[in-house]
Amino acid sequence: MRTSRRIAIAFGSALLLLGSAVQASATPSPEIMSIEQDLQQNDHTIGSQIRRVEGDTSTPESKAKAARPQPEAGVLATVAGMDVASYQQNVDWAYWWGQGKRFVWTKATEGTSYKNPYFAQQYNGSYNQGFIRGAYHFALPNVSGGAAQADFFINNGGGWSGDGKTLPGALDMEYNPYGATCYGLSQASMGAWIRAFHDRYKARTGRWPVIYTSTSWWSTCVGTTQNFGGTVPLWVARYASTVGSLPYGWGFYTVWQYTSSPLDQNTFNGAYDRLQALANG
């Protein structure tokens, strides 16, 4: 299982960090137990539940196609990007810069209690390497209201600044990792929840959030009850050779997450100066 592999990697990394101290006891240290618990309970990375439900049918050919300019928006170029969360731990940003990645979103929060313990290294480290970076929030709409989760996100790294290198925060809307697909909410209630997050984020940061989702989840859980196409950049997930149809309300996408292998990879649907424009507001 992918989660088991991630836990094993995290466990091994923690052992290396602790060095000889590990040899003194067969009982895992609090640090190792903390990392393992974090991965087991909060490893809900962006797209993890979309992969679980919809699968990943990307291939080397589809990945190459996704990285080329996408005709549906009439753009002349694209920009390569990625997204990260706690399971990557401390990221080698120089390596990924060398691989041509130029933007990244990193997980900051989930619900109203979880905070990524590696957020500072990932968020600040990417910035220092030259990335245009942003943060994302994994929504749990059955836990608290949209405004409350926007506040928690902003208070823990999900804000925005007009420094030219910070993307607006992204709201991750996808399948419930804990139970019912739509978190027990009707389409109207889910749409209202997202609207509350959307409005609070704008009120506090001056920017509309990005919305990350899949067309299938949105059609099932939101439907046509809300239209965010006039304010919100769309970050759409589809692990295939084409982006396919888009969620209700959007005529084009801004970012496409096109594969989860070997890590989540994204393409910005425009040239680098348009990515800078998104950061600048």
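Analyst: Two strands pair if DSSP finds at least two bridges between them; strands are DSSP runs of E with at least two residues, helices are runs of H or I with at least four, and both are numbered from the N terminus. This is a predicted model, where local features need pLDDT of at least 70, side-chain atom pairs count only at pLDDT 80 or more, and totals for chains, interfaces and linings use all residues. Residues are numbered from 1 along each chain as its sequence is written, and side-chain values use heavy atoms, without hydrogens and water.

User: How many bridges join strand 2 to strand 4?

Analyst: There are 7, and the two strands run parallel. Val 104 has Arg 133 in strand 4 as its bridge partner. Strand 1 (residues 79-84) also pairs with strand 2 in the parallel sense, over 4 bridges, with Asp 83 partnered by Trp 105.

User: Is strand 2 enclosed or open?

Analyst: Buried means under 20% relative accessible area, with a 1.4 Å probe and protein chains only (exposed is over 50%, partly exposed in between). In strand 2 (residues 103-110), 8 of the 8 residues are buried, so the strand is largely enclosed by the rest of the structure.

User: And what does Arg 133 do with its charged end?

Analyst: A charge sits over a ring if NZ of Lys or CZ of Arg is within 6 Å of the ring centre and within 35 degrees of the ring normal. The charged end of Arg 133 sits over the ring of Tyr 123, 3.7 Å from its centre. Likewise, Arg 102 places its charged end over the ring of Trp 97, 3.6 Å from the centre.
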